[in-house]
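Subject: Structure handover

Hi,

Here is the structure I promised to pass on. Please look through it, then read my notes below.

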Amino acid sequence: MNDHSRKYNHRSEARPKNRAWMRGLTFIELIVTVVILGIAATGILYTMTINTRSSADPMVQEQAILIAESYMEEILLKKFLDPSSGTSNVCPTPEASRAQYDNVCDYYNLNNSGARDQFGSVIAGLENYNVSVTVRPNPVNAPTFTASISTLTNSFPTEIRVLQVDVTVTNSQFPELSIPLTGYRTNYNCNVATDTGCKPL
């Protein structure tokens with residue numbers, strides 16, 4: 001065998017080693033890679049789906065704010081004292097229906113399933129909103145008063161100067177959404193000129 005043949009044989013023997021070193025992915029490695037990428041993509045998509053479901057739509061938030069403001073405006077425009085009880089009672093027993101509410105305390109513990117108008121009728125398209133209202137004496141202006149609204153009687157009108165109204169709006173489709181709004185109604189508007197419950201602040 002001449003030198004030329006030896007060199008040729010030497011090169012042909014070295015080629016398989018180079019090919020083994022430079023080879024691509026095997027079928028098993030390719031499958032493992034695809035599986036790993038699939039799991040990663042699934043995790044990312046799942047996280048995005050959860051975040052999307054748990055994030056309230058900006059329009060839903062804006063509607064909840066407008067509903068809370070609407071309820072608050074309606075409540076604060078009512079009388080401080082109850083006109084039907086001779087203007088001597090701050091928080092009498094609430095009227096039978098919302099259409100008859102004539103003072104702030106009538107809204108005590110109001111819970112509406114579905115946003116409603118001032119007559120108590122559900123507003124179309126806003127059925128998923130829930131509205132709750134609490135009313136209580138403002139602690140700053142009545143520091144010695146600790147009873148709840150439900151225990152108020154005719155003996156309290158001259159002691160209470162400010163009522164605090166808390167309106168909270170939620171949405172059944174977005175459990176994490178909660179819009180709280182707080183307002184204050186002072187005893188500034190006497191029902192009658194001789195109202196003994198109308199005292200200067």
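The face of helix 3 turned away from its buried side carries Pro58, Met59 and Glu73, which are exposed. Buried here means under 20% relative accessible area, exposed over 50% and partly exposed in between, with a 1.4 Å probe and protein chains only. Helices (H or I, at least four residues) and strands (E, at least two) are DSSP runs, numbered from the N terminus.

A word on the source. This is a predicted model, where local features need pLDDT of at least 70 and side-chain atom pairs count only at pLDDT 80 or more, while totals for chains, interfaces and linings use all residues. Residues are numbered from 1 along each chain as its sequence is written, and side-chain values use heavy atoms, leaving out hydrogens and water.

Back to helix 3. Its buried residues are Val60, Ala64, Ile67, Ala68, Tyr71, Met72, Glu74 and Ile75. They cover an arc of only 165 degrees around the axis, so they sit on the same side of helix 3. That arc is taken from the directions from the helix axis to the C-beta atoms. The general rule: an α-helix has 3.6 residues a turn, so residues three or four places apart point the same way.

What do the buried residues of helix 3 pack against? They pack against strand 1, strand 2, strand 3 and strand 4. Contact means heavy atoms within 4.5 Å. Helix 3 lies across these four strands and runs at about 25 degrees to strand 4. Axes are lines fitted to C-alpha atoms, for helices over the stretch in contact, and angles run from 0 to 180 degrees between N-to-C directions.

Four strands form an open sheet in the order 1-2-3-4, with antiparallel pairing. Strand 1 (110-113) and strand 4 (174-186) stand at the edges with a single partner strand each, so one side of each has no neighbour in the sheet. Neighbouring strands are turned by 15 degrees against each other on average, direction ignored. Two strands pair if DSSP finds at least two bridges between them.

Strand 2 (residues 129-137) is joined to strand 1 by four bridges. Ser113 has Asn130 of strand 2 as its bridge partner. Nine bridges join strand 2 to strand 3. There, Ser132 stands opposite Thr168. Side chains alternate along strand 2. Tyr129, Val131, Val133, Val135 and Pro137 point to one face and are buried.

The overall picture: three helices and four strands, running α-α-α-β-β-β-β from the N terminus. Of the 201 residues, 30% count as buried.

Last, confidence. The mean pLDDT (the predictor's confidence in each residue, from 0 to 100) is 75, and 62% of residues reach 70 or more. Over residues 140-148 pLDDT stays under 50. Over residues 153-157 pLDDT is also below 50.

Best wishes
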